Amino acid sequence: MPHATFMNTRRVLACVAAIGFYTLCGQTLPSLKESFQELVQGPASSAKPTQGELSAIGKRVTAASPDDIQAALPWMIAAVGTGDEGKRIYAAFGLVAVGVRTDSPALLKDHIGDLVGLLSSSDLFTQGFAVTVLGSVQERQAASVPGLLQSLVAYIKRTDRYTQAQVSAVAFLLQKWQDDQAVQETVESFLSRDLDAASHIRIL
């Protein structure tokens with residue numbers, strides 16, 4: 001990878017994560033939307049975010065206004081869909097930070113379909129974080145998220161998905177809808193698979 005390309009991508013990642021009035025780039029901090037837009041449209045690279053940068057983007061999303069989050073969400077979701085691992089990880093952490101906000105049901109209600117769609121990704125990390133965000137949204141509202149139960153049941157029934165993400169989905173379904181017949185039948189079928197002991201413990 002050319003050094004200039006690597007440094008430009010690292011600059012974008014640093015700008016997305018920056019907190020305060022000025023970024024590490026010496027410029028006024030762009031909006032959350034502008035930051036993720038630049039991330040999506042910037043050059044691809046193998047640069048991965050550091051733990052410090054991931055922590056920073058989580059804090060920035062937590063502190064952002066609902067309007068800022070709403071404007072940035074399409075770009076955050078788009079970043080997850082890129083083939084760039086660094087961008088995908090960054091956006092995933094941002095979306096998880098949105099998911100744990102108390103207002104996440106309102107913020108993400110128009111993007112549930114996008115998150116459910118990520119369960120069909122071939123990327124194991126993407127499947128896992130999508131389950132996490134969907135579960136976080138449901139936990140923060142009393143009413144059932146429309147279609148979520150059915151989507152997770154369908155996801156768990158598949159045999160070509162990331163097993164550990166499916167285990168998380170099973171545990172969530174049992175916590176929220178343990179009396180639902182479709183859930184009970186799906187979980188029983190899932191447990192009949194050749195799972196390791198740790199997976200059984202997480203579910204039971």
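Aspartate 123 and arginine 88 join their side chains in a salt bridge, at 3.4 Å from N to O. This bridge ties together distant parts of the chain. Aspartate 123 lies in the loop between helix H7 (112-117) and helix H8 (124-139). Arginine 88 belongs to helix H5 (residues 85-99), and the two residues are 35 residues apart. The model is predicted.

How accessible are the two partners? Aspartate 123 is partly exposed, with 21% relative accessible area. Arginine 88 has 13% relative accessibility, so arginine 88 counts as buried. The cut-off for buried is under 20%.

**Salt bridges**

Side chains of opposite charge can pair when their charged atoms come close. How many salt bridges does a search of the whole structure find? The search finds seven. Among them are the pairs in this table.

| Pair | Closest N and O atoms |
|---|---|
| Arginine 158 and aspartate 160 | 2.9 Å |
| Aspartate 160 and arginine 161 | 3.4 Å |

Aspartate 160 bridges to arginine 161. Shared partners join Arg158, Asp160 and Arg161 into one network of salt bridges. Accessibility can be given for each member. Arginine 158 is partly exposed, at 31% relative accessibility. Aspartate 160 is partly exposed, at 46%. Arginine 161 is buried, with a relative accessible area of 11%.

**The chain as a whole**

The chain holds twelve helices and zero strands. Read from the N terminus on, its elements run α-α-α-α-α-α-α-α-α-α-α-α. The chain has 204 residues, and 46% of them count as buried.

**Helix H4 against helix H5**

Helix H4 (residues 66-80) packs with H5 at an angle of about 140 degrees. Their axes are 8 Å apart. H4 and H5 are therefore oblique to each other. Their crossing is left-handed.

Which residues make the contact? On H4 they are Ile69, Leu73, Met76, Ile77, Ala79 and Val80. On H5 they are Lys87, Arg88, Ala91, Ala92, Gly94, Leu95 and Val98.

**Helix H9 against helix H10**

Another helix pair is H9 (residues 148-157) and H10 (residues 163-177). They pack at an angle of about 140 degrees, with axes 10 Å apart. That makes H9 oblique to H10. H9 passes H10 in a left-handed crossing.

H9 brings Leu148, Leu149, Leu152, Val153, Tyr155 and Ile156 to the contact. H10 brings Ala165, Gln166, Ala169, Val170, Phe172, Leu173 and Trp177.

**The nonpolar core**

The largest nonpolar core has 51 residues. Which members touch the most other members? They are Leu32, Val61, Ile69, Met76, Leu95, Val98 and Leu173. Leu173 is in the H10 part of the contact with H9.

Take valine 98. Leaving aside residues up to four places away in sequence, valine 98 touches Val61, Ile69, Leu73, Met76, Ser104, Leu107 and Leu108.

Technical notes. Residues are numbered from 1 along each chain as its sequence is written. This is a predicted model: local features need pLDDT of at least 70, side-chain atom pairs count only at pLDDT 80 or more; totals for chains, interfaces and linings use all residues. Side-chain values use heavy atoms; hydrogens and water are left out. A nonpolar core is a set of buried Ala, Val, Leu, Ile, Met, Phe, Trp, Tyr and Cys residues joined through side-chain atoms within 4.5 Å. Buried means under 20% relative accessible area, exposed over 50%, partly exposed in between (1.4 Å probe, protein chains only). Contact means heavy atoms within 4.5 Å. A salt bridge is a side-chain nitrogen of Lys or Arg within 4 Å of a carboxyl oxygen of Asp or Glu. Helices (H or I, at least four residues) and strands (E, at least two) are DSSP runs, numbered from the N terminus. Axes are lines fitted to C-alpha atoms, for helices over the stretch in contact, and angles run from 0 to 180 degrees between N-to-C directions. Angles under 35 degrees count as roughly parallel, over 145 as roughly antiparallel, 65 to 115 as roughly perpendicular and the rest as oblique. A crossing is left-handed if the near helix is turned anticlockwise from the far one by less than a right angle, and right-handed if clockwise.
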